[in-house]
Amino acid sequence: MLSPKSFPFIEATLPIIAERISSITPNFYNRLFAAHPELLDGIFSRSNQKNGTQQQALAGSIAVFATYLVKHPGTAPETMLARVAHKHTSLGVAEEQYPIVYKHLFDAIAEDLGDALTPEIADAWTEVYWLMAHALIKIEKGLYAQQANAGIYAPWKLVERAETGVDSVILSFEPADGTPVTVAKPGQFVSVRMPMADGLRQVRQYTLSNDVEHARRTITVKLDVNGEFSPVIHNNLEIGGVIELSNPYGDLVIDNEGSPLVIATAGIGCTPSAAALQTLAAHGSTRKITVLHADQEITTWPLREQMLESIGKLPGATLSTWFERGELPEGLNAQSGYMDLAAALSEDAQVYLCGPLPFMNAVRTQALEAGIPAERIHYEVFGPDVWLAA
Ligand SMILES: NC(=O)C1=CN([C@@H]2O[C@H](COP(=O)(O)OP(=O)(O)OC[C@H]3O[C@@H](n4cnc5c(N)ncnc54)[C@H](O)[C@@H]3O)[C@@H](O)[C@H]2O)C=CC1
């Protein structure tokens, strides 16, 4: 909890920090990478640096955390902290890195605010930083301790590869050494680390799309021709090829039983839902599940066969689909255009969303307007969570 001494300084400077934070974070990352270029090899994504989403996500999380301390003293933004901690642990972030981030972040703040940063204000924001850092370190230690091994990455061998939808590929890996395998949960992701053409390693997180409870990792990767990572996965990885996968992380997990579920996905955003449906079916779940999926057309829907097979095994599941073009398929409760969530919602529903950001904005608004409280609307964002800040 924020000390009474710091509270008025944070309350008074929150608007100025919130306004300046988006120009402070780019300066912070420049300083950090100048002092620690090794962090660009296998931890930070240079694409997210270039397109600014990493800076936005950091700025957003600091602003959200400080606002929380001021508006709800004694509580913490649990969802945000858990989300950040799961991402950090999938990258191997360690306690020793927090003082390094502190130094460069506060140097950037000092440069930006100049004389306006009095010692009292600096002390108050230092307290905020360490409250957030210690909260994260605690969660991250707990997450590391839950793993079957003490490492960050282990080598995994590609054993199966299949095309799905358009431009997407399902990749299944088996352990390439004796590292003990953590059993994953549906909805979790792994970090994938691979060397790029210039030798620098890059990392991306991919949701497990199948086999979550087995000693096997299956991910589904959509090709982004303008991206850096997915073309390497698509073009350079052949059966027998070995890459590095992290232990599984992610807190957006769907339980076998409970109140009615509404799972609304679009495009490649169906990967967590495909894993959840497969696992629910394997456990013989009788939960009431409304599956909604929107895609460009029937042939562009990735993991379609797997999802339809799982839905067929779930007595409580129903499916509705929306397609922007092409002939509407039979038997899939298909409609033209964008998804309309309203008809699927019941008062006690837990709603899970995953898809491109414009889709999530649209369906989240529909759910809120239909009276579903925000805490029952869960979502997965691929990449830095710029949505949370917004
Ligand atoms: N949760 C996340 O962070 C996700 C992010 N993405 C990002 O989005 C990119 C595009 O993903 P694709 O699968 O190619 O999606 P896409 O561009 O094929 O769109 C899939 C469907 O989303 C729906 N949609 C799109 N815009 C909408 C809007 N304004 N309102 C309502 N519905 C809308 C449409 O039904 C569309 O067919 C990916 O490359 C990825 O970077 C994709 C999936 C999940």
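Predicted model: local features only at pLDDT ≥ 70, side-chain atom pairs only at ≥ 80, totals over all residues.
I began with aspartate 167, which sits in the loop between strand S1 (153–164) and strand S2 (168–175). Helices (H or I, at least four residues) and strands (E, at least two) are DSSP runs here, numbered from the N terminus. Residue numbers start from 1 along each chain as its sequence is written.

Next I looked up the backbone. Aspartate 167 is not a glycine, yet its phi is positive, about 65°. Most residues other than glycine have a negative phi. Aspartate 167 counts as partly exposed because it has 16 C-beta neighbours inside 10 Å. (Buried means 20 or more other C-beta atoms within 10 Å of a residue's own, exposed 12 or fewer, partly exposed in between, with C-beta atoms placed from the backbone.)

Then I turned to asparagine 333, in the loop between strand S9 (317–323) and strand S10 (334–336). Asparagine 333, also not a glycine, has a positive phi of about 50°. With 14 C-beta neighbours inside 10 Å, asparagine 333 is partly exposed.

Last, the ligand. I found 21 residues around it, the closest being Ala266, Gly267, Gly269, Ala294 and Pro358; a residue is near if its C-beta atom, placed from the backbone, lies within 6 Å. Strand S8 (289–295) and helix H10 (357–369) are the elements giving two or more residues to this shell. H10 gives the most, with three residues.
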